[in-house]
Amino acid sequence: EGENTTIKDHYFMVIFIPSLPELSMHRHYLRTKWLNISWWSRDEFDGLGRGCLTFKLMFVVGKSHNKGHSEQIVKESFEHGDIHLLDMEERRESLPLKLLLGLRKSTELYSFSYFVKADHDTLIDLPNLVRGLATTKPTGVYTGYCNRKLRNTPFKMKFEYCLGGGYVLSADLVEKISMLDDKKIAGITKTIPFEDGYVGYLVWIVAKQNNIPGPIPQTNPTALQLITGPTKIQFNKYFYHWLKGLRNLDRVFECRIAANKTACPMMNFLILKEDSNCMCDHAKI
């Protein structure tokens with residue numbers, strides 16, 4: 001008799017979000033808002049095949065010291081089927097290994113073209129991201145806002161990495177990273193204790209082993225600008241980072257989906273000011 005093989009469901013993107021047990025409201029928001037295609041204008045997906053519109057949301061959550069949280073997260077996991085519980089305590093310094101376990105779990109469970117990592121306070125611009133990836137050769141891709149280099153480590157300035165608020169890895173890179181020897185890479189978390197730099201290191205290792213070019217810099221033009229008091233946050237076209245809370249996340253999302261109905265060409269010059277509506281910056285047109 002032949003071996004039993006399981007055919008995995010294929011998705012264009014697995015969207016991976018490291019989470020905490022207590023962030024149930026954030027998870028509910030992400031499930032029901034920007035990941036729900038019905039919120040976006042249909043014409044933004046015109047010309048894209050159905051295969052490009054298949055996504056799998058993947059929250060990864062470690063153990064909590066609070067028993068009530070643990071019971072709540074188990075129940076939520078059962079109800080939604082998108083939470084993967086890890087046998088590790090939730091600590092900031094455990095995030096790199098949490099990400100590595102998430103990469104491995106994604107290849108174990110799913111077939112996909114791209115692995116997209118985002119934070120709770122990041123809005124992914126689904127139409128722009130899908131269009132961008134649909135026209136990209138799906139091998140050797142590591143992209144996002146990728147102009148950072150490590151400084152105070154033995155790997156000083158050796159490679160660029162993408163900021164952790166949002167980045168993309170093609171499936172071939174995820175598979176190669178998943179097969180790296182734990183003995184060679186686990187201890188590096190003490191040297192590179194932050195997740196985005198750690199992923200940059202892992203990509204650098206597999207790129208050297210497989211003669212793959214470095215990360216693709218994200219040069220897409222700014223689509224939105226968030227102004228909160230004296231602070232201005234510029235976004236790239238795929239990921240709107242560091243929104244810090246559901247209120248800002250929802251305001252930027254509402255501004256972005258309204259952009260298709262405004263007179264702003266290419267949606268490049270929308271400005272969202274504190275306690276005001278989404279505006280078009282006509283001075284830049």
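A: Buried means a relative accessible area under 20%, exposed means over 50%, and partly exposed lies in between, with a 1.4 Å probe and protein chains only as cover. The areas come from the Shrake-Rupley method. This is a predicted model, in which local features need pLDDT of at least 70 and side-chain atom pairs count only at pLDDT 80 or more, while totals for chains, interfaces and linings use all residues. Residues are numbered from 1 along each chain as its sequence is written, and side-chain values use heavy atoms, with hydrogens and water left out.

Q: How should I read N211, and is this residue buried or exposed?

A: N211 is exposed, because its relative accessible area is 70%. N211 is found in the loop between helix 7 and strand 10 (216-217), where helices (H or I, at least four residues) and strands (E, at least two) are DSSP runs numbered from the N terminus. Although N211 is not a glycine, its phi is positive, at about 55°.

Q: Which value does phi take in K244, and where is K244 found?

A: Phi of K244 is near 50°, again a positive value in a residue other than glycine. K244 is found in the loop between strand 13 (239-240) and helix 8, and at 69% relative accessibility K244 counts as exposed.

Q: How is a nonpolar core read, and which members touch the most other members of the largest one?

A: A nonpolar core is a set of buried Ala, Val, Leu, Ile, Met, Phe, Trp, Tyr and Cys residues joined through side-chain atoms within 4.5 Å. The largest core here has 40 residues, of which F115, Y142, F155, L169, I177, Y201 and L202 touch the most other members. Among the elements that each supply at least two residues of this core are strand 1 (10-19), strand 2 (55-63), helix 3 (95-109), strand 4 (111-118) and helix 7 (195-210). Helix 7 gives the largest share of this core, with 9 residues.

Q: How many residues of helix 4 are buried?

A: Helix 4 (residues 126-134) is mostly covered, since 7 of its 9 residues are buried, namely L126, P127, N128, L129, V130, G132 and L133.

Q: How many salt bridges does the structure hold, and what does the pair of K33 and D250 tie together?

A: Side chains of opposite charge can pair when their charged atoms come close. A salt bridge is a side-chain nitrogen of Lys or Arg within 4 Å of a carboxyl oxygen of Asp or Glu, and the structure holds 12 of them. In one of these, the side chains of K33 and D250 meet at 2.9 Å, N to O. K33 lies in the loop between helix 1 and strand 2 and D250 in helix 8 (residues 246-258), so this pair ties together parts that are 217 residues apart in sequence. K33 counts as buried, at 14% relative accessibility, whereas D250 is partly exposed, with a relative accessible area of 24%.

Q: Where do K63 and D87 lie?

A: K63 lies in strand 2 and D87 in strand 3, so their pair ties together parts 24 residues apart in sequence. Their side chains meet in a salt bridge at 2.6 Å, N to O; K63 is partly exposed, with a relative accessible area of 38%, and D87 counts as exposed at 67%.

Q: What separates E108 and K105 along the helix, and which residues form a network of salt bridges?

A: An α-helix has 3.6 residues a turn, so residues three or four places apart point the same way. E108 and K105 both lie in helix 3, 3 residues apart, about one turn of the helix, and their side chains meet in a salt bridge at 3.7 Å, N to O. K105 counts as partly exposed, at 27% relative accessibility. Salt bridges that share partners join R27, R31, E76 and D82 into one network.

Q: Which residues gather in the patch of positive charge on the surface?

A: Patches are made of residues with over 30% relative accessible area and no salt bridge, with like charges joined within 9 Å and nonpolar side chains (Val, Leu, Ile, Met, Phe, Trp, Tyr) within 5 Å. Lys and Arg count as positive and Asp and Glu as negative, while His and the chain ends are not counted; the place of a charge is taken as NZ of Lys, CZ of Arg, CG of Asp or CD of Glu. Here R148, K149, R151 and K156 gather in a patch of positive charge. R151 has its place in the loop between strand 7 (148-149) and strand 8 (160-161) and is exposed, with a relative accessible area of 54%.

Q: How many residues apart along the chain are E44 and R131?

A: E44 and R131 are 87 residues apart along the chain, and their C-alpha atoms are separated by 9.1 Å. E44 lies in the loop between helix 1 (24-32) and strand 2 and is buried, with a relative accessible area of 8%.

Definitions and conventions: Accessible areas come from the Shrake-Rupley method with a 1.4 Å probe; for residues, only the protein chains shown count as cover.
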